[in-house]
Amino acid sequence: MSTDTTDTNTDDTDEESGDHCSTPDSDGEVAEEIAIISFERKLDTAHEIEDGIGDGYDRVDIIEYHGDVFEEHWGEYDCFIGLMASGIAMRKTAPLLDSKWDDPAIVVVDEELTWAIPITGGHHGANQVAHDLSTLGAVPAMTTASEAAGKQGVESKAKALDTHVVNGDSTVATNLAVLNDELGPVARLDGPHAVLVDDDVTVLKRNGDEGVVLGTGTVSGVKKEQVLDAWEDSLSALGLDFAAVDFVATGTRKEGEEGMYDAAQEIGAGVVLFEKETLEEFEGPSSSRSKELIGWPGIAEASAIAGGRDHELTREKERFDDAVTVAVGR
(Lines give C-alpha, C1' and ligand atoms only; values in the text may rest on other atoms or scores of the structure.)
Protein backbone atom coordinates (compact mmCIF):
# COMPACT_ATOMS: atom_id res chain seq x y z
CA MET A 1 0.00 0.00 0.00
CA SER A 2 1.38 3.32 -1.01
CA THR A 3 1.74 6.28 1.34
CA ASP A 4 0.83 9.77 0.20
CA THR A 5 2.34 12.53 2.34
CA THR A 6 1.59 15.47 0.06
CA ASP A 7 0.60 18.50 2.15
CA THR A 8 -2.03 20.81 0.66
CA ASN A 9 -4.71 23.16 1.89
CA THR A 10 -7.50 21.22 0.22
CA ASP A 11 -9.97 19.15 2.23
CA ASP A 12 -7.42 16.51 3.20
CA THR A 13 -4.02 16.31 4.85
CA ASP A 14 -1.45 13.96 6.07
CA GLU A 15 -1.07 10.25 5.31
CA GLU A 16 -2.74 7.16 3.96
CA SER A 17 -2.82 3.88 5.85
CA GLY A 18 -6.04 1.91 5.29
CA ASP A 19 -9.77 1.96 6.10
CA HIS A 20 -10.05 1.91 9.84
CA CYS A 21 -11.60 3.61 12.80
CA SER A 22 -10.07 5.93 15.30
CA THR A 23 -11.19 7.89 18.31
CA PRO A 24 -9.74 10.76 20.24
CA ASP A 25 -9.20 8.26 23.00
CA SER A 26 -8.92 4.51 22.44
CA ASP A 27 -10.95 3.09 25.23
CA GLY A 28 -13.76 1.15 23.59
CA GLU A 29 -16.86 2.21 25.49
CA VAL A 30 -17.21 5.33 27.57
CA ALA A 31 -18.87 5.11 30.98
CA GLU A 32 -21.74 7.51 31.59
CA GLU A 33 -22.72 6.94 35.23
CA ILE A 34 -19.95 6.80 37.83
CA ALA A 35 -19.84 6.11 41.55
CA ILE A 36 -16.84 7.33 43.54
CA ILE A 37 -16.43 4.97 46.49
CA SER A 38 -14.45 6.69 49.20
CA PHE A 39 -13.50 6.32 52.85
CA GLU A 40 -14.72 9.21 55.00
CA ARG A 41 -11.21 10.59 55.47
CA LYS A 42 -10.76 10.82 51.68
CA LEU A 43 -14.01 12.61 50.85
CA ASP A 44 -12.21 15.87 50.05
CA THR A 45 -10.36 14.05 47.26
CA ALA A 46 -13.62 12.46 46.11
CA HIS A 47 -15.16 15.91 45.73
CA GLU A 48 -12.06 17.06 43.86
CA ILE A 49 -12.57 14.20 41.40
CA GLU A 50 -16.27 15.01 41.08
CA ASP A 51 -15.51 18.67 40.37
CA GLY A 52 -12.69 17.82 37.98
CA ILE A 53 -14.34 15.27 35.69
CA GLY A 54 -18.04 15.43 36.55
CA ASP A 55 -19.04 17.60 33.59
CA GLY A 56 -18.01 14.83 31.21
CA TYR A 57 -20.49 12.27 32.55
CA ASP A 58 -24.24 11.98 32.94
CA ARG A 59 -23.99 11.16 36.63
CA VAL A 60 -21.23 11.17 39.24
CA ASP A 61 -22.17 10.16 42.79
CA ILE A 62 -19.98 10.01 45.88
CA ILE A 63 -20.74 7.06 48.16
CA GLU A 64 -19.03 6.47 51.47
CA TYR A 65 -17.32 3.13 51.75
CA HIS A 66 -18.68 0.25 53.82
CA GLY A 67 -18.09 -3.47 53.51
CA ASP A 68 -20.97 -4.22 51.16
CA VAL A 69 -20.96 -1.00 49.17
CA PHE A 70 -19.93 -2.56 45.85
CA GLU A 71 -22.48 -5.36 46.15
CA GLU A 72 -25.20 -2.90 47.15
CA HIS A 73 -24.69 -0.73 44.07
CA TRP A 74 -23.56 -3.40 41.58
CA GLY A 75 -25.33 -2.91 38.26
CA GLU A 76 -26.37 0.65 39.11
CA TYR A 77 -23.29 2.34 37.62
CA ASP A 78 -21.14 1.92 34.51
CA CYS A 79 -17.95 2.51 36.47
CA PHE A 80 -16.75 2.57 40.06
CA ILE A 81 -13.85 4.79 41.03
CA GLY A 82 -12.40 3.24 44.17
CA LEU A 83 -10.59 5.85 46.23
CA MET A 84 -8.75 3.12 48.08
CA ALA A 85 -6.02 0.49 47.84
CA SER A 86 -6.39 -1.79 44.84
CA GLY A 87 -6.42 -4.86 47.10
CA ILE A 88 -9.61 -3.70 48.82
CA ALA A 89 -11.39 -3.10 45.54
CA MET A 90 -10.23 -6.44 44.15
CA ARG A 91 -11.31 -8.47 47.19
CA LYS A 92 -14.72 -6.78 47.44
CA THR A 93 -15.61 -6.98 43.74
CA ALA A 94 -14.08 -10.31 42.67
CA PRO A 95 -17.07 -12.41 43.89
CA LEU A 96 -19.41 -10.11 41.93
CA LEU A 97 -17.71 -10.40 38.54
CA ASP A 98 -19.50 -12.34 35.84
CA SER A 99 -18.76 -11.14 32.30
CA LYS A 100 -16.56 -8.36 30.96
CA TRP A 101 -19.42 -7.41 28.64
CA ASP A 102 -21.82 -6.83 31.53
CA ASP A 103 -19.71 -6.00 34.58
CA PRO A 104 -19.11 -2.35 35.51
CA ALA A 105 -15.65 -0.91 34.98
CA ILE A 106 -13.50 -0.39 38.06
CA VAL A 107 -10.71 2.15 38.48
CA VAL A 108 -8.72 2.65 41.68
CA VAL A 109 -6.96 5.88 42.55
CA ASP A 110 -4.90 6.94 45.55
CA GLU A 111 -5.67 9.89 47.80
CA GLU A 112 -2.84 11.97 46.34
CA LEU A 113 -4.15 11.38 42.80
CA THR A 114 -0.83 9.89 41.75
CA TRP A 115 -2.08 6.78 39.94
CA ALA A 116 -5.33 5.85 38.19
CA ILE A 117 -5.39 2.09 37.65
CA PRO A 118 -8.11 0.33 35.63
CA ILE A 119 -8.74 -3.05 37.26
CA THR A 120 -11.64 -4.33 35.19
CA GLY A 121 -13.44 -3.09 32.09
CA GLY A 122 -10.49 -1.34 30.50
CA HIS A 123 -12.19 -1.41 27.10
CA HIS A 124 -15.57 -0.70 28.67
CA GLY A 125 -15.02 2.64 30.31
CA ALA A 126 -12.17 2.19 32.80
CA ASN A 127 -9.44 3.33 30.43
CA GLN A 128 -11.39 6.46 29.54
CA VAL A 129 -12.07 7.28 33.19
CA ALA A 130 -8.40 6.76 34.02
CA HIS A 131 -7.49 9.04 31.12
CA ASP A 132 -9.85 11.71 32.45
CA LEU A 133 -8.33 11.39 35.91
CA SER A 134 -4.99 12.23 34.32
CA THR A 135 -6.28 15.79 33.92
CA LEU A 136 -6.10 15.96 37.72
CA GLY A 137 -2.50 14.76 37.73
CA ALA A 138 -2.97 11.01 38.09
CA VAL A 139 -0.91 8.76 35.82
CA PRO A 140 -3.27 6.36 33.95
CA ALA A 141 -1.79 2.87 34.27
CA MET A 142 -3.26 1.16 31.20
CA THR A 143 -2.61 -2.58 31.10
CA THR A 144 -4.94 -3.66 28.27
CA ALA A 145 -2.63 -4.98 25.58
CA SER A 146 -3.80 -2.83 22.67
CA GLU A 147 -3.63 0.42 24.64
CA ALA A 148 -0.27 -0.51 26.14
CA ALA A 149 1.01 -0.96 22.59
CA GLY A 150 -0.59 2.30 21.42
CA LYS A 151 -3.04 0.49 19.14
CA GLN A 152 -6.80 0.48 18.78
CA GLY A 153 -8.60 -2.67 19.87
CA VAL A 154 -11.75 -4.05 18.29
CA GLU A 155 -13.92 -2.62 21.05
CA SER A 156 -12.56 0.82 20.21
CA LYS A 157 -13.34 0.31 16.56
CA ALA A 158 -16.88 -0.62 17.54
CA LYS A 159 -17.25 2.57 19.56
CA ALA A 160 -16.01 4.74 16.69
CA LEU A 161 -18.59 3.22 14.36
CA ASP A 162 -21.41 3.56 16.94
CA THR A 163 -21.78 -0.22 16.94
CA HIS A 164 -21.47 -3.04 19.44
CA VAL A 165 -19.71 -6.40 19.31
CA VAL A 166 -22.16 -9.24 18.70
CA ASN A 167 -19.85 -12.18 19.41
CA GLY A 168 -17.66 -11.14 22.33
CA ASP A 169 -15.56 -14.31 22.47
CA SER A 170 -14.06 -13.46 19.08
CA THR A 171 -12.24 -10.37 20.38
CA VAL A 172 -9.45 -12.45 21.91
CA ALA A 173 -8.31 -13.50 18.43
CA THR A 174 -9.04 -10.22 16.67
CA ASN A 175 -7.32 -8.07 19.30
CA LEU A 176 -4.29 -10.35 19.04
CA ALA A 177 -4.35 -9.62 15.32
CA VAL A 178 -4.43 -5.91 16.18
CA LEU A 179 -1.30 -6.32 18.28
CA ASN A 180 0.45 -8.16 15.45
CA ASP A 181 -0.68 -5.64 12.81
CA GLU A 182 -2.59 -8.43 11.08
CA LEU A 183 -6.14 -7.08 11.34
CA GLY A 184 -7.30 -5.41 8.16
CA PRO A 185 -10.06 -2.83 7.59
CA VAL A 186 -13.52 -3.23 9.05
CA ALA A 187 -15.46 -4.69 6.13
CA ARG A 188 -19.01 -3.46 5.64
CA LEU A 189 -21.67 -5.84 4.34
CA ASP A 190 -24.98 -4.31 3.22
CA GLY A 191 -27.82 -6.80 3.54
CA PRO A 192 -29.93 -8.68 3.39
CA HIS A 193 -27.25 -11.36 3.68
CA ALA A 194 -26.45 -14.35 5.83
CA VAL A 195 -22.91 -14.46 7.20
CA LEU A 196 -20.97 -17.50 8.39
CA VAL A 197 -17.97 -16.63 10.58
CA ASP A 198 -15.47 -18.47 12.73
CA ASP A 199 -14.48 -17.61 16.29
CA ASP A 200 -11.70 -15.32 15.06
CA VAL A 201 -14.04 -12.95 13.20
CA THR A 202 -15.65 -10.16 15.19
CA VAL A 203 -19.12 -9.09 14.09
CA LEU A 204 -20.22 -5.51 14.77
CA LYS A 205 -23.83 -4.35 14.69
CA ARG A 206 -25.02 -0.77 14.55
CA ASN A 207 -26.58 0.59 17.74
CA GLY A 208 -29.48 2.31 15.97
CA ASP A 209 -31.33 2.69 12.70
CA GLU A 210 -31.05 6.44 12.40
CA GLY A 211 -28.31 9.04 12.54
CA VAL A 212 -26.01 10.85 10.16
CA VAL A 213 -22.33 10.81 9.29
CA LEU A 214 -20.28 14.01 9.20
CA GLY A 215 -17.95 13.71 6.23
CA THR A 216 -15.14 16.12 7.02
CA GLY A 217 -12.04 17.52 5.36
CA THR A 218 -9.81 20.17 6.88
CA VAL A 219 -6.66 22.15 6.28
CA SER A 220 -3.59 21.18 8.28
CA GLY A 221 -3.56 22.60 11.78
CA VAL A 222 -7.28 23.32 11.88
CA LYS A 223 -8.62 24.49 15.24
CA LYS A 224 -11.22 22.56 17.23
CA GLU A 225 -13.54 25.57 17.30
CA GLN A 226 -13.45 25.88 13.52
CA VAL A 227 -14.51 22.26 13.12
CA LEU A 228 -17.25 22.48 15.73
CA ASP A 229 -18.70 25.62 14.15
CA ALA A 230 -18.71 23.99 10.71
CA TRP A 231 -20.43 20.85 11.99
CA GLU A 232 -23.00 22.86 13.90
CA ASP A 233 -23.87 24.96 10.86
CA SER A 234 -24.17 21.90 8.63
CA LEU A 235 -26.42 20.08 11.06
CA SER A 236 -28.60 23.08 11.89
CA ALA A 237 -29.34 23.52 8.18
CA LEU A 238 -30.95 20.06 8.38
CA GLY A 239 -32.72 20.75 11.66
CA LEU A 240 -30.32 18.43 13.51
CA ASP A 241 -27.89 18.72 16.37
CA PHE A 242 -24.84 16.78 17.57
CA ALA A 243 -27.03 14.08 19.13
CA ALA A 244 -27.93 12.93 15.60
CA VAL A 245 -24.31 12.13 14.68
CA ASP A 246 -23.28 8.48 14.44
CA PHE A 247 -19.64 9.27 13.76
CA VAL A 248 -17.25 11.54 11.89
CA ALA A 249 -15.82 10.22 8.61
CA THR A 250 -12.74 11.38 6.78
CA GLY A 251 -9.78 10.12 4.76
CA THR A 252 -6.72 8.35 6.13
CA ARG A 253 -4.69 11.40 5.16
CA LYS A 254 -6.38 13.15 8.10
CA GLU A 255 -5.20 10.67 10.70
CA GLY A 256 -3.87 12.53 13.71
CA GLU A 257 -5.37 15.94 12.83
CA GLU A 258 -5.74 17.11 16.43
CA GLY A 259 -8.30 19.86 15.86
CA MET A 260 -10.75 17.43 14.29
CA TYR A 261 -10.10 14.72 16.88
CA ASP A 262 -10.60 17.20 19.72
CA ALA A 263 -13.85 18.37 18.14
CA ALA A 264 -15.07 14.79 17.79
CA GLN A 265 -14.29 14.14 21.43
CA GLU A 266 -16.20 17.29 22.35
CA ILE A 267 -19.39 15.94 20.76
CA GLY A 268 -18.79 12.36 21.88
CA ALA A 269 -18.28 10.93 18.40
CA GLY A 270 -15.69 8.57 16.98
CA VAL A 271 -13.62 9.24 13.88
CA VAL A 272 -13.63 6.72 11.03
CA LEU A 273 -10.86 6.89 8.43
CA PHE A 274 -11.37 5.70 4.86
CA GLU A 275 -8.52 4.90 2.51
CA LYS A 276 -8.19 6.48 -0.91
CA GLU A 277 -9.53 3.45 -2.81
CA THR A 278 -12.74 3.44 -0.79
CA LEU A 279 -13.28 7.16 -1.30
CA GLU A 280 -12.83 6.72 -5.03
CA GLU A 281 -15.61 4.11 -4.98
CA PHE A 282 -17.98 6.56 -3.28
CA GLU A 283 -16.94 9.80 -4.94
CA GLY A 284 -19.39 12.65 -4.45
CA PRO A 285 -21.09 14.86 -7.05
CA SER A 286 -19.16 18.08 -6.38
CA SER A 287 -15.85 19.00 -7.98
CA SER A 288 -12.77 18.69 -5.78
CA ARG A 289 -9.57 20.72 -5.63
CA SER A 290 -7.80 17.79 -4.03
CA LYS A 291 -8.58 15.58 -7.02
CA GLU A 292 -7.14 18.17 -9.35
CA LEU A 293 -4.01 18.68 -7.26
CA ILE A 294 -3.16 15.25 -5.84
CA GLY A 295 -5.60 12.76 -7.30
CA TRP A 296 -7.73 12.27 -4.17
CA PRO A 297 -11.52 12.53 -4.45
CA GLY A 298 -13.20 15.16 -2.27
CA ILE A 299 -12.91 13.71 1.21
CA ALA A 300 -15.99 15.30 2.76
CA GLU A 301 -18.58 13.97 0.32
CA ALA A 302 -16.92 10.64 -0.40
CA SER A 303 -16.45 9.77 3.27
CA ALA A 304 -20.01 10.84 4.12
CA ILE A 305 -21.36 8.57 1.39
CA ALA A 306 -19.05 5.68 2.28
CA GLY A 307 -19.97 5.86 5.96
CA GLY A 308 -23.70 6.33 5.62
CA ARG A 309 -26.10 3.42 6.05
CA ASP A 310 -27.73 4.15 2.70
CA HIS A 311 -24.56 5.48 1.01
CA GLU A 312 -26.40 8.72 0.25
CA LEU A 313 -25.78 12.40 0.83
CA THR A 314 -28.23 14.34 2.95
CA ARG A 315 -26.32 17.55 2.37
CA GLU A 316 -23.62 18.24 -0.20
CA LYS A 317 -20.31 19.67 0.95
CA GLU A 318 -19.90 23.23 2.09
CA ARG A 319 -16.66 24.96 2.98
CA PHE A 320 -16.45 26.97 6.20
CA ASP A 321 -13.89 29.57 7.27
CA ASP A 322 -11.71 28.45 4.35
CA ALA A 323 -10.56 25.65 6.67
CA VAL A 324 -13.25 22.97 7.04
CA THR A 325 -15.36 21.17 4.46
CA VAL A 326 -18.42 19.24 5.65
CA ALA A 327 -20.89 16.96 3.92
CA VAL A 328 -23.63 14.98 5.69
CA GLY A 329 -24.37 11.37 4.79
CA ARG A 330 -27.00 8.87 5.82
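## Model and confidence

pLDDT is the predictor's confidence in each residue, on a scale from 0 to 100. The structure is a predicted model, in which local features need pLDDT of at least 70 and side-chain atom pairs count only at pLDDT 80 or more, while totals for chains, interfaces and linings use all residues. Residues are numbered from 1 along each chain as its sequence is written, and side-chain values use heavy atoms, with hydrogens and water left out.

The protein chain has a mean pLDDT of 83, and 85% of its residues reach 70 or more. Over residues 1-28 the pLDDT stays under 50. For this stretch the model has 126 contacts (heavy atoms within 4.5 Å) beyond four places in sequence.

Helices (H or I, at least four residues) and strands (E, at least two) are DSSP runs, numbered from the N terminus. Two strands pair if DSSP finds at least two bridges between them. Strand β2 (residues 33-38) pairs with β3 in the parallel sense over 6 bridges; Ala-35 has Asp-61 in β3 as its bridge partner.

Buried means under 20% relative accessible area, exposed over 50%, and partly exposed in between (1.4 Å probe, protein chains only). Thr-45, Ala-46, Ile-49 and Ile-53 are buried in α1. Seen down the helix axis, the buried residues of α1 fall within an arc of 105°, so they line one face of the helix; the arc is that of the directions from the helix axis to the C-beta atoms. These buried residues pack against β2, β3, β4, β5 and α4 (126-133). The face turned away from the buried side carries the exposed residues Asp-44 and Asp-51.

Ser-38 lies in strand β2 and counts as buried because its relative accessibility is 0%. Not counting residues up to four places away in sequence, Ser-38 touches Leu-43, Ala-46, Ile-63, Glu-64, Tyr-65 and Leu-83.

## Nonpolar cores

A nonpolar core is a set of buried Ala, Val, Leu, Ile, Met, Phe, Trp, Tyr and Cys residues joined through side-chain atoms within 4.5 Å. The largest has 25 residues, and those with the most contacts inside it are Leu-214, Trp-231, Val-248, Val-271, Val-324 and Val-326. Two or more residues of this core come from each of β10 (212-218), α8 (224-236), β11 (245-251), α9 (258-267), β12 (271-274) and β14 (324-329). Leaving aside neighbours within four places in sequence, the contacts of Leu-214 include Trp-231, Phe-247, Val-248, Ile-267 and Val-326.

A second, separate core of 21 residues includes Ile-34, Ala-46, Val-60 and Val-129.

## Positive phi values

Most residues other than glycine have a negative phi. Leu-113, in the loop between β5 and β6 (115-120), has a positive phi near 55°. Leu-113 is buried, with a relative accessible area of 6%.

His-311 also has a positive phi, of about 55°, although it is not a glycine. His-311 is placed in the loop between α12 (299-307) and β13 (313-320), and is partly exposed at a relative accessible area of 23%.
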